[in-house]
Amino acid sequence: MKKKKAYDYARFGYIFSLPFVLAWLIFQLYPILYTLILGFTDLRGAGNSDWASVILWKEPLKNFITVLGNKSFKQAFINTLIIWGCNFVPQILLALLITAWFTNRRSTIKAQGFYKVMFYLPNIITQATVAMLFAQLFMYPKGVINDLLIQLGIFAKPVEMMRNANTTRGVVIFIQTWMWYGYTAIVLISGVLGISPELFEAAEVDGANQWQTFFRVTLPSIKTILLFTLVTSLIGGLNMFDIPKLFQNGGPNNATLTTSLYIYNKAFQGGYLYGEASAASMIMFAIIVLLSSLVFYLLRDKDEVELRKLIKQQEKEYKRKMKMGKI
Amino acid sequence: MSNNSNLQLTVEGREKGKGGVVQKVIIYILCTFLSILSILPFWMMFVNATRSTPQIQQSAVSFIPSTHMFDNIKILSSKNMFKPMVGFFNSFIVAAGATCLAVYFSSLTAYAQVVYEWKLRNAFFSFIMAIMMLPGQLTLIGFLQMCYKFHLTNNLIMLILPSIAAPSMVFFMRQYLQPALPVEIVHSARIDGAREFYIFNKIVLPIMKPAIATQAIFSFVGSWNNLFTPMVLISSTKKYTMPMMVSLLRADIYKTEYGSIYAGLTLTILPLIVVYLLLSKYIVAGVALGSVKG
């Protein structure tokens, strides 16, 4: 009776999942495959959708080879990694510091809610506006930062700071860190609040100090959340577009050119080289999928390996005992 | 030996008592500093939006608002390029449409996961987990080509429809629904003769309200702030969304109108700031919630 009922209703599982599947097939899978195919073509020009006639039959990998050998793509890839790495490290350290402060069981910090709201604020503001705002603040000769540094006596006269590759990159890194540390801190704090209090009590009874508790109890407990943050940040970082585009449009001298900006420029600026841009997209797509699955694999493997070790140990012990018993 | 370590412990304990206050003061100072750092750029923007261009040229740094806000906005609109109302309207349509679709269909998909027992259920869930991390931005050229084929470039609908498939939202909704929905309610509704769609719309959706509210905020903000997709898809200035309008402020005709640029930037984020200050509690709670579940 029960079984029959479940069987009857089962079809609604498919019906209710159908819109999602259809939308995914049309708006996500189809573009993925389409982009992949375009990577093997010589398609150019906006509005041109006739790809079948321009497939590069003779050297199908031409676009991929061109992109991988391209100097500005390499530069863009290195830039993207530098900008992501240099923003992720201070971001996660600052977030961990805030987490340690806000979840300290011995001294509670008041107005945590207010601080969290403040820390998260830059994240919710349109990135395009943030980028334009910072471009305006760092403007030459009459920008806020220039005037401020002159008033403080650090500069004698206005300096065109955005001509310097490292300064510009530094500002982009600062913006990214500034936008994301609050988010990361909130995520980590909620992770720490989810740890069973008994663990901390046990650590206290054992006489662990604050640092020992943080490094031996707190950090290992939020390993999964840290990993999740790492992966999402990495994917976001490898897709970085809005800030470098509207801050200095990849400049100066391609110092803030990211891979997404490279793809955009290839496809929609000047040459309309859809083939090459698609190839570059697919290379980045593969890198992201590879990296994120690698990171997930590493974590899962560790736990499983430990579990397997434990099982083996117990099996050995069991066998040993059996033998002992037999003997 | 044991005496020694005991002594150390007490010394450490005493130091902590004193150090605790100093540590606390340092924490408060640093947190306040970070808070100021969060608002300072926006405050600078707001102040300069109220100052005339000559005032800014004299000194770009000021913390006290002036009275030229409306003059700046007038100059901005006189150039007939940057139209915040158009951007606002388009962004609102896209963000609202995308959010409604994403929230409704994600809930529906999650409901199918939680309530029904079908053969492919677990396989489908693994599939959702797998596609959650796929970077959509990188397949935009294929997406654009598809839109060309169906003559749907310059159409806001193409910014709305893709949100029907939002894997991470389905994941969140499923995690929320699983403990929150007593299956007995569904059973008794069935006995009363309610149809499956009716049960979902009238009984399950209201139960999911808290989760829907949280996800709706993030979906809305994400859609509102999106720059890359509309920039690729839309070329007619009539269909420009807000972030695209912002990029128009880079145009040469505004180059020397410092006050107006700041005013334009202020207009683009004013609605966001107001909404954020009203809903900040829920938004911050939502960020925390999403992380625990995700």
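Tutor: Across the interface of chain A and chain B, the rule turns up zero salt bridges. Polar contacts are another story: 21 residue pairs make one across this interface, with both partners at pLDDT 80 or more. Keep in mind that this is a predicted model, and that goes for everything below.

Now for who does the touching on the chain A side. Helix 1 of chain A, residues 2-38, gives the largest share of the side that touches chain B, namely 23 residues. Sort that side of chain A by class and you get 71 nonpolar, 24 polar and seven charged residues.

As for the extent of the contact, 102 residues of chain A and 93 residues of chain B take part. Together the two chains bury about 8,900 Å² between them, and 75% of that area is on carbon and sulfur atoms.

For 327 residues, a compact globule would have a radius of gyration near 20 Å, whereas chain A comes out at 27 Å. The C-alpha trace of chain A spans about 80 × 65 × 50 Å along its principal axes. Of its 327 residues, 49% count as buried. Take the contacts within chain A between residues at least 6 apart in sequence, and 68% of them join residues at least 24 apart.

Over in chain B, have a look at B:L233, which sits in helix 12 (residues 228-233) of that chain. B:L233 counts as buried because its relative accessible area is 3%, and the cut-off for buried is under 20%. Leaving out residues up to four places away in sequence, B:L233 touches B:F143, B:L144, B:C147, B:T153, B:N154, B:M158 and B:L159. B:D192, on the other hand, is 41 residues from B:L233 along the chain, and the C-alpha atoms of the two are separated by 49 Å.

Note on methods: Residues are numbered from 1 along each chain as its sequence is written. Chains are lettered from A and ligands numbered from 1 in the order in which they are written. This is a predicted model: local features need pLDDT of at least 70, side-chain atom pairs count only at pLDDT 80 or more; totals for chains, interfaces and linings use all residues. Side-chain values use heavy atoms; hydrogens and water are left out. Contact means heavy atoms within 4.5 Å. Buried area is the accessible area (1.4 Å probe) that two parts lose on being put together, summed over both. A salt bridge is a side-chain nitrogen of Lys or Arg within 4 Å of a carboxyl oxygen of Asp or Glu. A polar contact is a pair of N or O atoms within 3.5 Å; within protein, one must be able to donate a hydrogen and the other to accept it, and residues adjacent in sequence count only if both atoms are side-chain atoms. Helices (H or I, at least four residues) and strands (E, at least two) are DSSP runs, numbered from the N terminus. Ala, Val, Leu, Ile, Met, Phe, Trp, Tyr, Cys and Pro count as nonpolar, Asp, Glu, Lys and Arg as charged, and the others, Gly among them, as polar. The radius of gyration is taken over C-alpha atoms; the globule rule is 2.2 Å times the number of residues to the power 0.38. Buried means under 20% relative accessible area, exposed over 50%, partly exposed in between (1.4 Å probe, protein chains only).
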